[in-house]
Each structure stands twice: as C-alpha cells, then as structure tokens.
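Please keep the sequence and the structure in view while reading.

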Amino acid sequence: MADVSIYCASYSEARRRFIDAARASGAQLAHYPHPHARGPGGEALFLDAATLGRPDAPNVIVIGSGTHGIEGYTGSAAQSAWMADGGARRIPAGTALVLLHALNPWGFAHGQRVTEENVDLNRNFVDHTKPYPENPGYGELHPRISPEGWDEASIVGVFAALDAFRDRYGEQAFSDALNGGQYSHPDGLFFGGQRAQWANSAFRNAVRTHAGHARRAAIIDLHTGIGPYLDHVFLCFHEPGSPAYERARAWWGERAVNRQGSTHKALAHYRGLLIDAFRAELPQAETTAVVVEFGTRTRVEMQRAGISLRWLRCHEQRAPELARAVRAEYVEAFYPSDPRWREAVLAQSRVFFDQAVAGIGS
Ligand SMILES: [Zn+2]
C-alpha cells in the first residue's frame, strides 16, 4: 500500500523530500534558482531536476510537477514516492528519467495555479514576438466572472453568465473562451502573459540541458483537476494516427489517446502548452508528450475554485475571514486531503511511470 505520508504541506518540505529521495536513489541533481521571486516565508525558489540513470542515455523520459503551482504538491508526491519505491532500479540501460520538480515554484509555494505575474504557465509557451492569439469570448466573460463580492448571490450570478454564454455559443466555444487562454486581461483567468515567464525559460533550459542529446524523448506533465475522483485522465494532443500518437497508445493503452474520463465535454483548443515547448526544444529527437490529470472535483466546482482565486487576489484584504474559507476551498479543489485519493494517485502514477520507462526502451 502506498504511503501517503510522502505528501507535504509546504513547498520547502516537498522540495526537501524530493532532494532526499533523489540522493538516496543515486540521482544527479541540478538546480535552477529563481532570480527574485520568494516563497511566503521569504524562502528561495527553484526548479530542481533529478536525473536517474545515465545522463547521456539516448532515451530520456521527463516527468514534470507543478506547471500549475499548487497542483505540484501531488506531482511532487508521485515523483518522490516513485524514487522511494526503488524506481531507479527499474530503469534499463539506455534510458534516463529526468524528474523536474516545481516547474512553477512560486505558484507551488504560494498555493496557486499561476506564476508570480498571475500567468498560467501552461498558456505562456506562445511566440511572444508575434501578436497574441485573440480570445474575444474571454473578453465578453471577464466582467461577468469578476465579482466584487464572494457571496452566494454573486456566485450564482457568475454561473448564470457562464451558462448563458454556453447556451448561446455552444460547449466548444465556451471552453475555448474560458479555458483556452487569453492574453488581454492580466488580472483575469487563464492569462497567458505578455512575456515569457522565468519558469518558461527555466523549463526550456532544463529540457535542453538534460534531454538535448536524446534520440527518443518523452514528457509526462502532471496536473490535477480534470477527471473523475480517484482516477486520472491522459490528455494527448498528437495528431490521431501520427507516430507520436501511436507511441502514446502503445505505451499506455487506449486511454492515453481517447480522453477517457475527461470532465470537460469539449476540451478547449489550448494555446501555449508546456508540452509543445518540450517538442520544439528537441528537434533532434522523436518526442512523445502527454498531460496526465488526476481528477479531483466536478468541472463546476473547479470553475468556482478558479474564479475564487481572482476574487481572493483582488479582495482578500477586505474580508480576511471569508478569504480564509475561500482559500481552504481552493486548496482542497486542487490538492485533496483525502488519504484515499492520495493513495490512488501514488498507485496509479507508479504504473504509468513504469509504462513510460518500458515503452521508450521498446
Ligand atoms: Zn493543471
């Protein structure tokens, strides 16, 4: 049975656990310090990389945690548990596994999805020298999902606006508008930023450093928040029938490509995903890239949590007691405390980590 004591309550604790597990596994460690952002206690923040197996191996699997800050508590536990469970001994010659810990360390430390600039890192990997993609649907929604108060009446109003938009434009347009990413409202939701975030550059640098030599490279980007409770969903954006798509299917089965269990009726056309940058940074390699989401709450509850973060950021000072309750609900939505849930994550991640190791060497 998986040991849920590996789950941590702070970034510093999770980082210490990760580094300890990496050292005990004989991993090579590299650290990418954030030049100025700090944690809530003033602590320094890092993207850490642990390489298991020979660093020059031709097959490299990258597993990342914390693209969406707070979701990193779960990804970090999966990474550390896999190492503590002797994962390194299951890596064959010719393969290396690179665990990237806290891809967005500011969000991880501060318990939020976004970076220190309110940027959704997983919408930030666009070409910042070109005009940004437009998202007029988001512009229409923004004022309706930015309430001054966070009481039941305000929340009902927010969801009435979301429902009206969906009724009018359909499920796909709704997902694109709300979740696809927007580059026009820096204080809004799913804001992709107006410059590359530090975490963007650090990720690219780490990928080039640890996988730049690879002939075959794969990434699993770990998240929480989409999918059924106690289960996980693969999000694969490879062209159906393409070699990368077929590799994902061969390694992890049909569920890697059929979006089994997704709680989004129509998945948004996302812009600026981290896994796209992974492939772009490794033109020499045959690449396979997937996102894995551990399901937590219903989509409506996740929307409520996402919208509440904006309210918290803008209005927390005015209502500290309410803010504490809203914040606790936010944390629980992205990082459930239920030991059964935490155990399920460890059991499932062990399986698909191992499947990646077996797949890339096959
Ligand atoms: Zn996420």
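The model is predicted. Its largest cavity has a volume of about 450 Å³, and its largest pocket holds about 180 Å³ of space.

**Largest cavity**

- The count of cavities of 30 Å³ or more comes to 1.
- The lining of the largest cavity has 35 residues, and R113, R123, N179, F190 and F334 are the closest to the centre.
- Helices α6 (171-179), α11 (299-315) and α12 (320-334) each supply at least two lining residues, as do strands β5 and β7 (286-294).
- Helix α11 provides the largest share of this lining, with 8 residues.
- By residue class, the lining of the largest cavity has 16 nonpolar, 11 polar and 8 charged residues.

**Largest pocket**

- In the largest pocket, 13 residues form the lining, and those closest to its centre are A2, A81, W82, D85 and L346.
- Two helices, α2 (72-84) and α13 (339-360), each give at least two residues to the lining of this pocket.
- Helix α13 gives the most, with 5 residues.
- The pocket lining divides into 9 nonpolar residues, 1 polar residue and 3 charged residues.

**H223**

- H223 lies in strand β5, which spans residues 216-224; β5 is also among the elements that supply at least two residues of the cavity lining.
- H223 counts as buried because its relative accessible area is 1%, below the 20% cut-off.
- The side chain of H223 makes a polar contact of 2.8 Å with the side chain of D221.
- Beyond its neighbours within four places in sequence, H223 contacts T67, H68, E71, N122, V291, V292, E293 and F294.

**Residues with positive phi**

- A102 is not a glycine, yet its phi is positive, at about 65°.
- A102 sits in the loop that runs between β4 (95-101) and α3 (105-110).
- With a relative accessibility of 0%, A102 is buried.
- N118, another residue other than glycine, has a positive phi near 60°.
- The loop between α3 and α4 (136-141) contains N118.
- N118 has a relative accessible area of 9% and is therefore buried, as the limit for that class is under 20%.

How values were computed. Residues numbered from 1 in each chain as written. Predicted model: local features only at pLDDT ≥ 70, side-chain atom pairs only at ≥ 80, totals over all residues. Heavy atoms only, no water. 1 Å grid on protein atoms, 1.4 Å probe; cavity = no way out; pocket = protein on both sides within 12 Å on 5 of 7 lines; lining within 4 Å. Points joined across faces, edges and corners; volume = space filled by probe spheres on them. Helix = DSSP H or I, 4+ residues; strand = E, 2+ residues; numbered from the N terminus. Nonpolar A, V, L, I, M, F, W, Y, C, P; charged D, E, K, R; others polar. Buried < 20%, exposed > 50% of the residue type's maximum accessible area, 1.4 Å probe, protein only. Polar contact = N/O pair within 3.5 Å; in protein donor to acceptor, adjacent residues only side chain to side chain. Contact = heavy atoms within 4.5 Å.
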